[in-house]
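Please open the model in the viewer and keep the selection panel at hand.

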Amino acid sequence: MTIQLSALSALGALVIGTIVAIFRVSPVRVLRFLGTSYVNLFRNTPLTLLMVASILGLSFILGLSWSDQAKTNAFIWAVIVLSIYHAAFVCEALRSGVNTIPAGQAEAARSIGLTFGQSLREVLLPQAFRGAIAPLGSTLIALIKNSTVAAVIGVADAAGLMAVIVENETGSLPVFFIFALGFVILTLPLGVWFTSLSRRLAVKR
Amino acid sequence: MSEPLVVLTDVNKHFGPLHVLRDINLTIGKGEVVVLIGPSGSGKSTLCRTINRLETFESGSITIDGKPLPEEGKELANLRADVGMVFQSFNLFAHKTILENVTLGPIKVRKVPKAQADKRAMELLERVGVAHQAEKHPAQLSGGQQQRVAIARSLAMDPKVMLFDEPTSALDPEMINEVLDVMVQLAKSGMTMIVVTHEMGFARKAADRVVFLADGQIVEEATPEEFFSNPKSDRAKDFLSKILTH
Ligand SMILES: Nc1ncnc2c1ncn2[C@@H]1O[C@H](COP(=O)(O)OP(=O)(O)OP(=O)(O)O)[C@@H](O)[C@H]1O
Ligand SMILES: [Mg+2]
């Protein structure tokens, strides 16, 4: 199950991450903002939190289920959450890859009449993927580790966990969400700070 | 003058508080070769870049062959294809072969079949003297060779006008002439060209007109002979005395 989980999530993360990376380098300001927000939000939220919040919160409380079978349901949620979470890292890896391409190449692409989409497909992304292989590799490794944890603890026990929550429904959920909120409030500014720091320290060429 | 091809009317551009282009009025005729010259920071690159809209401008108008520059989008991409640009730093696509660099535009933008694009590209590479390097990657070529490939890449789009922004200033001295020779040939073949360069030899040999830019304004326009031997404005005299003593 770990392998299945890893493979599906890696695929999802790659697709979502590429889309978010395109947002982050696009000439449209709103898309850039959305891309940046996505990365800041998901990079700074602990995976466990997302996992529990989706499986228990969304699925159980709001009734957003994918399958009647608790186990299948948990598996699908795990794939979604792992994809969404690691996409933030894939995006950053790709963006660092894009940054290794001299800006002149994008201009040259535009000046021979390629549209933004064509420049991305033909010139920027192929080089960005090559430049991003190392950080993409470490993201993949992290993803596999995380899926293992998710598979062993999360998915398998989600059904059991739910039963526990049902039993002492009162009290525990609000506490959990307050804790979650606190965590986001703590980590988000830290992430924003690091982003601005890395921007200030980036090598200008 | 021949039929006008590129017409700039009262073009103004700012970078924040900096007024980089001031009321630029410039008409370039079909087949004309114009050399843009001026001190560093006078706005030569910016002027080139606004002509194919790599930079926006705030007021005035620029038309190419009678058509005004469209807003960003597909239409603009098509217009850019009609305006070739050669950069100081070559900017070849590092992951593609020399041949692929030249055929990318024709195949993707002009929708030319690959076999035909390859054939045309080889002819152009032959013309600039790098046909035997077609299967290599840009990093394996010398600067002079890369710049000649960049010229072939622009030519492959059959542009109406070519812009050159200091095409030889990043090159080792012994490679400058091989690039200038290609440009002189191109000028002789009737291509409309706007060339930012301090190479007076090229200006004398190939240019119909020299346009002297200082602080974002066109200060003087004259034939190369007249401009280099008998500049009118003090700015131009001062500038020429500096580059001549070097
Ligand atoms: N992207 C930019 N943002 C802000 N200012 C810019 C930008 N590009 C150029 N400038 C400024 O605009 C002015 C004109 O620049 P431009 O590059 O057009 O000059 P140039 O004549 O080509 O100079 P050089 O001979 O050094 O290449 C300069 O003062 C430059 O610092
Ligand atoms: Mg310049």
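Select B:R127, B:V128, B:L155, B:V182, B:Q185 and B:L186, which line the largest cavity of this predicted model. With a threshold of 30 Å³ or more, the count comes to one cavity.

Colour the selected residues by class next. Four residues of the lining are nonpolar, one is polar and one is charged.

Now display the helices of chain B around this selection. Which helices each supply at least two residues of the lining? They are helix 4, spanning 114-128, and helix 6, spanning 173-188, both in chain B. Of the contributors, helix 6 of chain B gives the most, with three residues.

Move to chain A and select A:Q118. This residue belongs to helix 6 of chain A, which covers residues 116-131. Is A:Q118 buried or exposed? Its relative accessibility is 9%, so A:Q118 counts as buried, the limit for that class being under 20%.

Show the side chain of A:Q118 together with the backbone of A:T115. The A:Q118 side chain reaches the backbone nitrogen of A:T115 at 3.0 Å.

Neighbours within four places in sequence being set aside, A:Q118 is in contact with A:G113 and A:V123 in chain A, and with B:K108, B:V109 and B:K111 in chain B.

Conventions. Residues are numbered from 1 along each chain as its sequence is written. Chains are lettered from A and ligands numbered from 1 in the order in which they are written. This is a predicted model: local features need pLDDT of at least 70, side-chain atom pairs count only at pLDDT 80 or more; totals for chains, interfaces and linings use all residues. Side-chain values use heavy atoms; hydrogens and water are left out. On a 1 Å grid over the protein atoms alone, a cavity is a set of points where a 1.4 Å probe fits but cannot get out, and a pocket is an open set with protein on both sides within 12 Å along at least five of seven lines; lining residues have an atom within 4 Å of a point. Grid points are joined across faces, edges and corners, and a volume is the space filled by probe spheres set on the points. Helices (H or I, at least four residues) and strands (E, at least two) are DSSP runs, numbered from the N terminus. Ala, Val, Leu, Ile, Met, Phe, Trp, Tyr, Cys and Pro count as nonpolar, Asp, Glu, Lys and Arg as charged, and the others, Gly among them, as polar. Buried means under 20% relative accessible area, exposed over 50%, partly exposed in between (1.4 Å probe, protein chains only). A polar contact is a pair of N or O atoms within 3.5 Å; within protein, one must be able to donate a hydrogen and the other to accept it, and residues adjacent in sequence count only if both atoms are side-chain atoms. Contact means heavy atoms within 4.5 Å.
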